[in-house]
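Work through the exercises below with the sequence and the coordinates open. Each task is followed by a stepwise solution.

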Amino acid sequence: MRHQNRIILSALFVVIGVLPFVFTSSYHISVMIFIGIHAMLAIGLCLLMGYAGQVSLGHAAFFGLGAYASGILTASYHVDPWLAMGLAAIFTGLVAFIIGKPLFRLKGNNLAMGTLGFGIIVYIMLVEMTDLTGGPSGLRGVPSLSIFGFTFDKDIKYFYLVWALALLFLILSLNIVNSRVGRALRSIHGSEIAAEMLGVDTNKYKIQILIVSAVYASVAGSLYAHYVTFLSPPPFGFKLSIEVLVMVVIGGLSSVYGAIFGAAATTLLSETLRGTVPKLLSGAGGEYEIVVFGVILMVVMIFMPTGLTSGTLNLVRRWRQEKALRVETREAEDGNAVTGVPRVPEGRTAIEDN
Amino acid sequence: MAVSTTDMDRETEAGSALLDARSLRKDFGGIVAVDSFSFSVRPGQIVAIIGPNGAGKTTVFNLVTGVHPLTAGEIHFGGQRIDALKPYQIAEKGISRTFQNLQIFGNMTVVENVMVGRHSRSKVGILSGALSLPSSRSEEKRIYYAAMEMLDMVGLVSRAKQPASALPFGSQRLLELARALANEPKLLLLDEPAAGLASQETRNLERLIYRIRDGGVSILLVEHDMELVMGIADWVFVLDYGKLIAAGTPRDIQANEKVIAAYLGDETD
Ligand SMILES: Nc1ncnc2c1ncn2[C@@H]1O[C@H](COP(=O)(O)OP(=O)(O)O)[C@@H](O)[C@H]1O
Ligand SMILES: [Mg+2]
């Protein structure tokens, strides 16, 4: 697995590295920057939803908190942008910690409602706390990022910055997923009561992974703020939460890589819809996007509850496994596998590809 | 005969019990699922709780493992009070269980299921995991080998890499057992482990239970298969409507009229 990871990662590095040379227009590069920002959101939600099995319909709130914390600190208080990004992440992580305790008393649909409520509350605060946020008229003058006199003033530079961080989050997430903690998260998804009875402090891990995903979203928000340099509440509303959900459902329910794929697919689809729908239906606006996403969500959840990409992969895998299993059970029935004690070394070699 | 002395030991030496449950009571709304039930398990014993369906046996397991809070009573384990602890803390103290309704992690492979069982015996946290520190990787290896050993014990090594959900029912029961053992419990609670097993599988299970006990693990068993219970239990508690109606050696219980009336007569199979 680890070996395989390294190959996929290297390929991803190369592809992302050359993309700006293939798609050179400033429109394309800005779309790819948004894909990177969305990927951070999707990776975080993938850990929370795909691995730990905890639904969130309010993920945009963490994104908004990060963006506004960075925006306010830098534009109104002239804090160094990098320091502000760190402070924003700490603040957002703290919010996740505080809401995590009461939220995770809820399960399933109730948790979905709770996170939805959280998203709405944050959104309303962004609109209403005009002294801090500028309210509906927005917050201006968020500076660009620079480091050691090197300013990320061109989109292509910003592209590399965003994707470097997105890939860092990807690697950290892959490591978490493949560790004892990742296994604990999946066990919560599998059976909460069994996980507890094996010593997994389910509440602790749910809160920890909520904090991780909130910090990812916060950093994504900070990067967004310094990229667009102007903040207003609408991008941080319910629609984005649904979009992130769609990203995870399309690609990432059980794959962190899939989350990146989902972020790309969803962002591109969203861009395409924005361009074509008004041409086809005069007077049609943003509502149509959310209708399309709603339909995707429904169809995927009904037919492929593990996500679109992994659902397809699973179908293939299951088909192969069933073939293999049929052979094995035939052998097992001959050899009485339950009472017989198969050699351990047979399994031990398996750790190499683990 | 040994019966009476064992009986007296239970009265006078409650302090030496590994698990000591005193006057347990559990109300669910109006119904009293468990009613002033006291029992104990001593080190190295196989103790059975039997009783008709709905007698409260699974509820007793849920009380001991902290899944449900007690309405009244006390539970001591290894001399410490555990009835206010969370399930994961009770697991850390050395109590493992299997479930009447299987609780396999269907989203994982067979060996990963057992690896979760090593959770409280390992310690890598989210930071060292995220950074994939050497400590994390070497611990993962140890967890893996320990899990494979457990699979070896129940005879599932050849299926280690398969999705757990692909195992047949009987093997899933064994998987739950391996997973529970991976926690290195001092006390193992088995909730109807033989339910749904073929007779050959039940005989294997019986041998396995003896092996586990001989490895120093005490066992609390809930089971409907009377042949199994009467064959392996050192001591039997009989529950009916949440109340203790009899306790004793299998031989006593088989001769007890109240038990025959409430339980054996009730289950006319
Ligand atoms: N979580 C629960 N909520 C409400 N009632 C319960 C719950 N668990 C068990 N009961 C009730 O408690 C009684 C004992 O159930 P249980 O312990 O499962 O019996 P047994 O395992 O002996 O068959 C039954 O009447 C059952 O309906
Ligand atoms: Mg039961």
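The exercises go from the ligand shell to the chains, their interface and single residues.

**Conventions**

The model is predicted, local features need pLDDT of at least 70, side-chain atom pairs count only at pLDDT 80 or more, and totals for chains, interfaces and linings use all residues. Residues are numbered from 1 along each chain as its sequence is written, chains are lettered from A and ligands numbered from 1 in the order in which they are written, and side-chain values use heavy atoms, with hydrogens and water left out.

**Exercise 1. List the residues around ligand 1 and sort them by class.**

Step 1. Apply the distance criterion: a residue is near a molecule if one of its heavy atoms lies within 4 Å of it. The shell then holds Phe28(B), Ile31(B), Ala33(B), Pro52(B), Asn53(B), Gly54(B), Ala55(B), Gly56(B), Lys57(B), Thr58(B), Thr59(B) and His68(B).

Step 2. Sort by class, where Ala, Val, Leu, Ile, Met, Phe, Trp, Tyr, Cys and Pro count as nonpolar, Asp, Glu, Lys and Arg as charged, and the others, Gly among them, as polar. The shell splits into five nonpolar, six polar and one charged residue.

**Exercise 2. Describe chain A and its interface with chain B.**

Step 1. Chain A has 15 helices and two strands. Of its 354 residues, 50% are buried, where buried means under 20% relative accessible area, exposed over 50%, and partly exposed in between (1.4 Å probe, protein chains only).

Step 2. Count contacts, meaning heavy atoms within 4.5 Å. Across the interface, 55 residues of chain B are in contact with 47 residues of chain A.

Step 3. Take the buried area as the accessible area (1.4 Å probe) that two parts lose on being put together, summed over both. Between chain B and chain A it is about 4400 Å², with 62% from carbon and sulfur atoms. Tyr88(B), His119(B) and Ile126(B) supply 16% of what chain B buries against chain A, more than any other three residues.

**Exercise 3. Is Arg183(A) buried or exposed, and what does this residue contact?**

Step 1. Arg183(A) lies in helix H8 (residues 180-190) of chain A. Arg183(A) counts as buried because its relative accessibility is 6%.

Step 2. Leaving aside neighbours within four places in sequence, Arg183(A) is in contact with Val177(A), Met108(B), Glu112(B), Met115(B), Val116(B), Glu140(B) and Ile143(B).

Step 3. Turn to Glu140(B), which is found in helix H6 (residues 134-154) of chain B. Glu140(B) is buried, at 13% relative accessible area. Not counting residues up to four places away in sequence, Glu140(B) touches Asn178(A), Ser179(A), Arg180(A), Arg183(A) and Met115(B).

**Exercise 4. What are the phi values of Ser36(B) and Glu184(B)?**

Step 1. Recall the background: most residues other than glycine have a negative phi.

Step 2. Phi of Ser36(B), in strand E2 of chain B, is near 30 degrees, a positive value. At 46% relative accessibility Ser36(B) is partly exposed.

Step 3. Phi of Glu184(B) is near 50 degrees, also positive. Glu184(B) sits in the loop between helix H7 (169-182) and strand E7 (187-191) of chain B.

Conventions: Helices (H or I, at least four residues) and strands (E, at least two) are DSSP runs, numbered from the N terminus.
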